[in-house]
Protein chains: 2
Amino acid sequence: MANSVEILPIGGLGEFGMNCLAIRYEDEILVIDAGLLFPDPHFWGVDIIVPDFQYLKDNRDKVRALILTHSHEDHIGSVPFLLKAINVPVYATPYTAAVLASKLDEHDLLDEVLIHTVRPKELVELDPFEIEFIRVSHSTTDCAALAIRTPVGVIIHTGDFKFDETPVCGQPIDTESLRRYGDQGVLALLSDSTNVERPGRMYSERDVIPALENIFDSAQGRIIVSCFTSSIHRIQIILDLAETFHRRVTIIGRSMIRNIDTAESMRYLDVPDSLLITPADTRRFAPHQVVMLVTGCQGEPMSALSRMAVDSHKQAKIEAGDTVVLSARQIPGNEKSISRLINHLYKRHAQVYDSTSGRIHVSGHGSQEDLKMMLEATRPKFFIPIHGEYRQLYQHKKFACSLGYKPEQVLLVESGDVIEIEKDSISVPGKIPIGRTYIDSTGIGKIEDIVVRDRKHLAYDGIIVPIITINKSTGKIENEPEIITKGFNIPYDDENDYLTKLSTLITQTIISSEPDERRDEALIKEKVRLEIKRFVQRRTGYRPTIIPVILEV
Amino acid sequence: MANSVEILPIGGLGEFGMNCLAIRYEDEILVIDAGLLFPDPHFWGVDIIVPDFQYLKDNRDKVRALILTHSHEDHIGSVPFLLKAINVPVYATPYTAAVLASKLDEHDLLDEVLIHTVRPKELVELDPFEIEFIRVSHSTTDCAALAIRTPVGVIIHTGDFKFDETPVCGQPIDTESLRRYGDQGVLALLSDSTNVERPGRMYSERDVIPALENIFDSAQGRIIVSCFTSSIHRIQIILDLAETFHRRVTIIGRSMIRNIDTAESMRYLDVPDSLLITPADTRRFAPHQVVMLVTGCQGEPMSALSRMAVDSHKQAKIEAGDTVVLSARQIPGNEKSISRLINHLYKRHAQVYDSTSGRIHVSGHGSQEDLKMMLEATRPKFFIPIHGEYRQLYQHKKFACSLGYKPEQVLLVESGDVIEIEKDSISVPGKIPIGRTYIDSTGIGKIEDIVVRDRKHLAYDGIIVPIITINKSTGKIENEPEIITKGFNIPYDDENDYLTKLSTLITQTIISSEPDERRDEALIKEKVRLEIKRFVQRRTGYRPTIIPVILEV
C-alpha cells in the first residue's frame, strides 16, 4: 500500500470559476466538480471556457467517478465536455443531479451517463475511497461538502459554503458531521476562499427579508424582481412575500421558468396554489396585484429584463409606476451593462432598487468568521485554500496562520500543481498539464487558440488582402493588383489615393524582383507582405493582418 | 435684444466623460470644457472617444471662446481635436492652462493657440457674456466653477466639485462667491451629479492622512505608492509623509514625472529639498528609507507598477518586504486588471493595501450633502443636473425635488437636447446633432464607424475570402477556387475536407448559373457569398465576413 495520496487541482485555484480537482490514490482517481469560466470580453466570440482535461484523458482508465458539490455553473458547467471525453458515473445530491440532467439533455448525453443520487449523510463506497456528502449552506439549494476517506487519511473539500443556521429552504449546515470528522482527525481541508477579505459572519439567506418586505409594502404598482435563477432561497422569499401581499406571480425568462419548475417538482420550492399566472393573465389583475420574477439581473442584453426595458420583449414591458428590484450582486465586468439597464428603467419612470439600496442580496460564500468556524470544526493537519485568485488564496493562508496554523501546514498552490500528502508531510513534487479550452456555444464547440489570437489581431487592425495575377510564362503582372481591406482604417486625408499607392508599391516590388524570385510563390508573397507592412506601419502605425494572394495564369 | 439664452450639451449628459457644453446668446457662443471618454473594450482598437463637434463646426464664426473648469481628461482631453476644427482662445486657471499646454505641445498645436490664464475671482469679459471663475474643491488642483452672466441672467456651471474646507493644497472652495451670486439671483445651475447616490458629506482630501500614516508607521521595507497622477493633494501627502518618516522619494512613470514637474514648477506642490532621488539612487538607501511614487493604480498592463510586478521594468521591481499602496478608486471596468496586478504583487511577497483596506482614497465629487450645499448657496430658478449617466441625472433631479424644488424647475436632459431659458421659463424646443468620434492614438487619428463595426464582426466570426478565376471568353472556372480564412473556426472534426467542400460548393454555384449571370460580376459575387453564408451557418452557426474575389482572365 502506498503511503501517499495526491491532490491535483485542474482548475479553480488561482482563478475564479472552472473548478475541477482530482484526488488520486495509486491507480484510482476521483474527480470533484467540473465547472466553467465566463470569459472576459476580449476573448472574441468565446462563450465559455472549460478546463483542458488532458490529465484525466491520459488517465481515463483510472478515473472512478465524478463527484459534484453543487449545481452552479462554475462547478458543473463543463461536465458535458468532461463526460464526452471520459464517460464515468456521476454522484450528486438530488437537486444538483436534476440540474445536471437537464444540462446533459441539452447536449444529447443524458442517455449515456449514469447519475447516482446521494443524500447528505449517505456514504458512497468507491474502494479505496469512501465519500460522505455533508450538507452546507450556500446561495442555491442541496449543496454539499465532501469528506473523502482515503487509506492515508480523511480529506475534506468544502465546496462553496457559508454557515447559515436559518436558511429559507432546506436544512442548516451540518456542523455536527464536520465536527465528527474533526474529532476523528482530518488529514487535509480544502476550503472556499472567495470571501476571505470580508470580516465578520456572512448573513443568512433569511436576512434579505426585511428590506424586501419594505419594498413590497411601499410599492404602489407592479413589482418586477430579478435574481440569479439558481437562488432558490431568494425565489422562495419572493413567492412568500407575493402571497403575503396578495399579489400573483408571473415568471418570465427561459432559465427562470426551468429552474423554478425543477425546484418545485422536487419540492425544494413551495409554491402556493394558484399563485402563478401567465404573463398574458397579468392584464386581468391590477398593477398592485402583480409580481414578475424575471431573468436579467446582470443587465445581459438578451435577457428578459433588458428587453422589457427597451420594449423588445413579447410578453411584457416596463411601465411608469413599476418597481424593479435587482436582488443580486454585480458580477465584476457587468457593472456597465447593469448601469445601462438602470438608465433605461429610469427613462421608463420605474423605481429601481439594487444592492446599494439596502440588504436585498447576501453572498453565499462565508466571510472570515465562517472560514474560522470551518477550520475549527475540522481541525485539519494540513490546509489548502481553494476557490479564488492568488489574492484570495494568499489571504486565506494568512488568515489561517493568524489563527495559529503554522505556515508549513498551509499550502499555497495553483491549478496544475501536484500536491502529495503523506501522514505527516505535504509537498508539491511536480506539475500536471492544465489549460483552457475555448467553447463557442452557438458554433461548433471548441475554438482553437490560434483562431482566438487571429480574431484579436483582426479586431485591432483589420485585414488587407492584395490579389496579384502573374503570367506564368512571362512572369509579369497581368493587371493592376486588386486590394481588399476590412476593418482597416484607411487614412482619411488620403482616401482616394491610399489603395492606389499600395497597388503601385506591389507592382514595383514584383517588377524589381529577380526572375528567380518571381517564380517562387512563397518568397514573392512574403516580400509583398513585408513591403506593405512597412508602408502601412510607417504611415499609420497600424499592423493589419496581410495575406497576399498570387494567382498564376 | 433676444430674451432667451440657449444651453447646448454636446457631451457628458447621459454618459460619464466627454464633457462639453455650449452656451449661446443670439450669435455668440461660449464652449465649456471639451473632454474625452475612454472606450469599453469592445470598441476594438479605439483608444479614446471625443465628441462629434458638428454643431460647433457649423457655427464656427459664432464661437467666442473655450472655457475650461479643470484639467482632468474628461474635461480637457478632446481640446486638441476641437481646436484643430475651430481655433478659438482658451480661458483656464494656471494649472489647467499648464496641463493643457503640455497636451497641445504633444499635438504640435501649442504655437497656434491662444491660452488666457485666469485666476479665481477674476472676471473675463466676452461681450455679451461676463465669466467669473469660482474656486471649487476637487481631487486635482486649481478647479473652478463658472458664473456666466448673460443678458437673460446668471448661469452657474459647477464643473466637478465637492465642498472641502481643509484641502491639502491651495484654498478651500469659495462658498462666499457662490452665495453672492445666490443672493443676486441665479437663473440656472448646472451641477455635477457623479456622487448623487452617496448619502452624507464627501470626505476632505486631508482625510486619507491617518490611514496612510499608519501604513508608513508600520512598513518595514520600501513603500510603493500608486495614485492618479493628477491627484496633487494625494501626492503632497505622500511627499510630506516621506519626509516625516525620513524616507527619500523616487518617481517612476512618465506621466507621474511630468505632472509632478508641472505642479512643482508652479508651486502647487511643495517638494522638500533633496527629498527626491533617482531610481538608480534608491540602491544607496536601505529599504526603510525609500518611497516610490509610481503610475499604474488601475493595473494598466504597460504602466510602471504592472511592469515592476512582473520584472519587466528597467528601473525597479517588486521585492519581498515591499509595501504597495493603491491609493485610488477602481474605475469600473478595471477591476480585473487591478486584481491581476494584486495577484502578482502577492506572488512577490509584497504587502498590499487597496481601497478596501481603510480610507486611503476619497472621491473628488460631492455626496448628497455637498450637492445640497451647492443648491442652497446658489438657489437657482432652474436646475439642470449634469455629469453622469441618466441614472445619476435622474437621482439628482429626485434629490433636488426632495429639497423643495418643483419638478418643472428641474430639467432632465441628455446630450443633444437644446435647452432654451427665458427669465421665467425653461424648455427643450429641439435637438442639435451630436455623436462620438473614435480616435486611435497610435494610428492616424479618426476611425470611421464602419471600420469599428467591421472589426467587431471580424472579431467574432473571422473572414472568408474565396478567390475565383473565370475565363473571360468561355465563362468557365479556370482553376479550383482558392479559399483564404482568418479567425474563422473551421469545424475540427472536418478539418481536411471543409475547405474542399466550400470550394466544390463555389464551383457548382458558378456552373449552375446562367451564362448571363456569370458575365455579371456583382451578381455572381453575391450569389457565391450567399451560398457560402448558408453553408457555413447551417454547419457551424458562424456568420463570418465573406468577400468573394472574382478574377477574369
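This report describes a three-stranded sheet in chain A, the contact between chain A and chain B, and the salt bridges of the structure. The structure is a predicted model, and the values given here are computed from its atoms.

**The sheet and its helix**

In chain A, three strands form an open sheet in the order 4-21-22, and their pairing is antiparallel. Its edges are strand 4, covering residues 48–51, and strand 22, covering residues 445–447 of chain A, each of which pairs on one side only. From one strand to the next, the twist averages 45 degrees. Helix 13 of chain A, residues 449–461, packs on this sheet and touches both strand 21 and strand 22 of chain A, and the direction of the helix makes about 60 degrees with that of strand 22. Four bridges join strand 4 of chain A to strand 21 of chain A, residues 436–440, in the antiparallel sense; in strand 21, A:Arg436 is the bridge partner of A:Pro51.

**The contact between the chains**

Chain A and chain B each contribute 62 residues to their contact, and together they bury about 5,700 Å², of which 57% lies on carbon and sulfur atoms. Between the two chains, 20 residue pairs are in polar contact. By residue class, the side of chain A that touches chain B divides into 27 nonpolar, 15 polar and 20 charged residues.

**Salt bridges**

Side chains of opposite charge can pair when their charged atoms come close. Over all chains, the search of the whole structure finds 58 salt bridges, and six are found across the interface of chain A and chain B. Two examples, one between the chains and one within chain A, are set out below.

| Residue pair | N to O distance |
|---|---|
| A:Arg391 and B:Asp354 | 2.9 Å |
| A:Asp322 and A:Arg222 | 2.7 Å |

The pair A:Asp322 and A:Arg222 links distant parts of the chain, 100 residues apart. A:Asp322 lies in the loop between helix 9 (304–309) and strand 16 (323–326) of chain A, whereas A:Arg222 lies in the loop between helix 6 (209–218) and strand 13 (223–226) of chain A.

Conventions
Residues numbered from 1 in each chain as written. Chains lettered and ligands numbered in written order. Predicted model: local features only at pLDDT ≥ 70, side-chain atom pairs only at ≥ 80, totals over all residues. Heavy atoms only, no water. Pairing = 2+ DSSP bridges. Helix = DSSP H or I, 4+ residues; strand = E, 2+ residues; numbered from the N terminus. Axes fitted to C-alpha atoms, helices over the stretch in contact; angles between N-to-C directions. Contact = heavy atoms within 4.5 Å. Buried area = accessible area lost by both parts, 1.4 Å probe. Salt bridge = Lys/Arg side-chain N within 4 Å of Asp/Glu carboxyl O. Polar contact = N/O pair within 3.5 Å; in protein donor to acceptor, adjacent residues only side chain to side chain. Nonpolar A, V, L, I, M, F, W, Y, C, P; charged D, E, K, R; others polar.
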